[in-house]
Amino acid sequence: MSTPDPGQPPLHFTGEPDPPAPIKFPARKEEDGRGDALLVSLASRGDDEAFMALYRRHKNFVMNVARRFTRDESEALDVLQDTFAYLLKRLPDLRLTAKLSTFLYPAVKNIALTIRRKDRGVALTPSHDRALDSAADSPLSVDIKALIANLPEGQQEVLLLRFVDDLSLREVAAALGIPVGTVKSRLHQAIATLREDPRTRALFDLEESG
Amino acid sequence: MSDHANTTPNDEAARGDALPDPVLPRRAVAALREAYGSTRPLAASTDAVVLRTLFEQRRRTNARKSVVRTLQVAAVFALVATTVYIGNRNREQASGKADAKNAPVTIAAAPPAAPEFGRGESAGRLLDERSAPVQLAGVTILDAFKKAREVEQKRKGFVSSGERVAEIDEVDSLVAQVVGTDRDTLRATDRSDVEVPPEAIIKTDVGKAGPMRVISYDIKLDTGSRPLAAFQVEVELSAPDTAAVTGLWLRGGDHPALQRRPYFNNRVTRDLKNKPGSRVRIPLANFDTGGDLPTGDMLVARVVLTVVGTGHPGVTARLVVAAGPEATAIPASVRVVERGDSEIRSEVKPSDVKSKDASPR
């Protein structure tokens with residue numbers, strides 16, 4: 001008996017009395033050398049495989065950002081589905097000129113905040129959300145989150161997009177709809193704040209790191 | 001941070017442009033990613049559920065769009081078809097080529113199917129209890145008569161012969177409107193002698209129910225001392241429930257000016273024939289541009305029917321217009337005179353009719 005490939009989705013759900021017609025997923029391509037623009041172009045012409053490649057490539061980014069803005073995993077999953085539903089809806093007219101992340105980030109943010117407002121009736125910043133499950137974090141992570149939670153929201157966003165989500169300065173600027181100079185300015189301010197704090201100075205100071 | 005507190009967005013961007021790209025030590029980046037970049041992978045089944053849901057949503061959306069698009073296309077087609085239909089109808093009305101639906105006599109109820117006996121459309125529709133009242137068209141035989149006089153006067157050296165003006169398009173179009181047909185059918189009817197093929201008479205089932213009779217009705221006009229140059233009457237024929245009209249002929253009057261058969265629509269006869277209890281209205285019209293015109297009480301048309309069955313047909317007439325040689329309306333009265341039994345009514349067998357020329361002309 002062969003072991004099922006964890007990366008290959010099942011053809012249908014088990015345990016259901018009358019499972020729906022299975023979707024035939026193409027073989028997963030772990031290393032898809034095609035760029036986002038090409039995949040978007042193919043997907044916009046009805047290529048489901050291209051759309052699934054986009055999904056696999058960006059689902060972790062979307063989930064990470066969604067988790068920052070939502071309280072729990074189920075809400076993040078809702079955001080994930082709504083974000084890709086939005087992408088699917090926009091595909092026929094979408095002409096991508098940068099990485100898909102720059103298109104997805106504002107969508108994720110808006111959808112997440114909408115879900116939060118609807119469910120909780122309040123709007124929370126990413127730092128607030130993330131602080132809720134800090135019990136499982138290391139002491140260093142708790143300190144970092146506490147510090148970053150005190151940063152202005154604009155600085156939090158650029159810091160996390162640049163160093164956690166690994167977007168370039170231009171991509172961060174495109175995702176947030178602000179000039180590159182503004183991104184750099186906010187990053188410098190955020191890093192300066194982190195370097196000033198004794199709890200994280202050693203971590204963020206370039207000279208001390210040697 | 002405090003020195004940036006009161007800066008504008010432009011100041012912030014300008015200041016950032018002058019700064020080097022911000023960098024962090026690797027350990028700082030790793031610590032940030034540990035704190036914020038969750039590496040918890042999504043289960044494969046979760047991916048499957050998300051993708052399946054997405055594709056199902058797209059399928060439903062596309063299906064909905066398809067239905068909407070189909071409805072839109074259907075609506076556009078209906079709109080175009082309606083526009084074309086109305087446009088064609090208006091053009092036909094304007095060009096005088098309106099079919100029977102737009103003819104002078106309009107009846108609400110559609111006529112039942114009937115055997116074909118000629119080309120063109122019927123002006124005299126089968127009437128029943130639901131029938132709408134007669135709506136006369138704006139065009140009368142007076143208009144055709146005026147046009148004929150106008151054409152005649154334009155022709156150099158033309159001498160009125162008292163004969164019908166031969167096939168002038170404008171005149172025939174007007175006449176066709178008067179009797180509820182089109183110009184070509186009118187001309188074809190005018191050239192033919194027999195409106196009902198004799199064999200049609202003996203094919204009727206009603207013929208087995210009784211003898212066949214030939215009945216004649218004279219349509220008479222009385223204009224007093226005024227000469228009659230043109231007339232238009234509407235004759236209504238009705239077959240009794242116990243008999244059927246199997247044939248219908250028309251002939252002109254006694255005076256040479258009106259001796260030729262009046263203009264009529266030959267398709268009108270099909271609505272009457274072989275249908276016990278049926279009724280039709282038939283516009284009849286005639287004119288003459290000659291100088292020798294009749295006066296007083298005169299025969300202008302004769303309707304001859306062959307009837308099978310025991311009942312007796314009814315024939316009435318209504319004067320629409322009578323005109324003198326100056327193309328002006330004149331007072332006149334119309335009446336229908338049935339020829340006496342001893343004079344013309346006779347009983348014949350279908351076989352007798354078949355062997356004879358059924359045309360009275």
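## Helix packing in chain B

Helix axes are taken here as lines fitted to C-alpha atoms over the stretch in contact, and angles between N-to-C directions run from 0 to 180 degrees. The model under discussion is predicted. In chain B, helix α4 (residues 141-154) packs against helix α5 (residues 169-179) at an angle of about 170°, and the two axes are 8 Å apart. Angles over 145 degrees count as roughly antiparallel, and α4(B) and α5(B) are therefore roughly antiparallel to each other.

On the α4(B) side, the contact is formed by B:Ile141, B:Asp143, B:Ala144, B:Lys147, B:Ala148 and B:Val151. The α5(B) side contributes B:Glu170, B:Val171, B:Leu174, B:Val175 and B:Val178. By class, the residues of this contact comprise 8 nonpolar and 3 charged, with no polar ones.

## The sheet β4-β2-β6

Chain B contains 8 helices and 8 strands. Three of these strands form an open sheet in the order β4-β2-β6 of chain B, with antiparallel pairing. From one strand to the next, the twist averages 15°.

Strand β2 (residues 230-238) of chain B is joined to β4(B) by 9 bridges, and the two run antiparallel. Within this pairing, B:Glu236 has B:Arg281 in β4(B) as its bridge partner.

Strand β3(B) is mostly covered, with 8 of its 10 residues buried.

The loop between β3 (243-252) and β4 of chain B holds B:Leu258. Is B:Leu258 buried or exposed? A residue is buried if 20 or more other C-beta atoms lie within 10 Å of its own; B:Leu258 has 25 C-beta neighbours inside 10 Å and therefore counts as buried. Leaving aside residues up to four places away in sequence, B:Leu258 touches B:Gly252, B:Gly253, B:Asn286, B:Asp288, B:Pro294 and B:Val300. B:Val300 is 42 residues from B:Leu258 along the chain, yet their C-alpha atoms are separated by 6.4 Å.

For chain B as a whole, 35% of the 361 residues are buried. Among its contacts with a separation of 6 or more, 80% involve residues 24 or more positions apart.

## Residues with positive phi

A:Asp166 is not a glycine but has a positive phi of about 60°. A:Asp166 is placed in the loop between α7 and α8 (169-176) of chain A, and is partly exposed, with 13 other C-beta atoms within 10 Å.

In chain B, B:Ala327 has a positive phi near 60° and is likewise a residue other than glycine. B:Ala327 lies in the loop between β6 and β7 (333-338) of chain B. B:Ala327 is partly exposed, having 18 other C-beta atoms within 10 Å.

## The contact between the chains

The contact takes 46 residues from chain A and 39 residues from chain B. On the side of chain A that touches chain B, at least two residues each come from α2 (48-69), α3 (73-90), α6 (139-149), α7 (153-163), α9 (180-196), α10 (201-204) and α11 (206-209) of chain A. Helix α9(A) gives the most, with 11 residues. By class, this side of chain A has 26 nonpolar, 12 polar and 8 charged residues.

## Confidence

The model scores ipTM 0.70 and pTM 0.44. For chain B the mean pLDDT is 72, and 67% of its residues reach 70 or more.

Two stretches of chain B call for separate mention. Over residues 98-136 of chain B, pLDDT stays under 50, and the model has 93 contacts for this stretch beyond four places in sequence. Over residues 341-361 of chain B, pLDDT is below 50, and the stretch has 39 contacts in the model beyond near neighbours in sequence.

Technical notes
Residues are numbered from 1 along each chain as its sequence is written. Chains are lettered from A and ligands numbered from 1 in the order in which they are written. This is a predicted model: local features need pLDDT of at least 70, side-chain atom pairs count only at pLDDT 80 or more; totals for chains, interfaces and linings use all residues. Helices (H or I, at least four residues) and strands (E, at least two) are DSSP runs, numbered from the N terminus. Angles under 35 degrees count as roughly parallel, over 145 as roughly antiparallel, 65 to 115 as roughly perpendicular and the rest as oblique. Two residues are in contact if their C-beta atoms, placed from the backbone, lie within 7 Å. Ala, Val, Leu, Ile, Met, Phe, Trp, Tyr, Cys and Pro count as nonpolar, Asp, Glu, Lys and Arg as charged, and the others, Gly among them, as polar. pLDDT is the predictor's confidence in each residue, from 0 to 100. Two strands pair if DSSP finds at least two bridges between them. A residue is buried if 20 or more other C-beta atoms lie within 10 Å of its own, exposed if 12 or fewer, and partly exposed in between; C-beta atoms are placed from the backbone.
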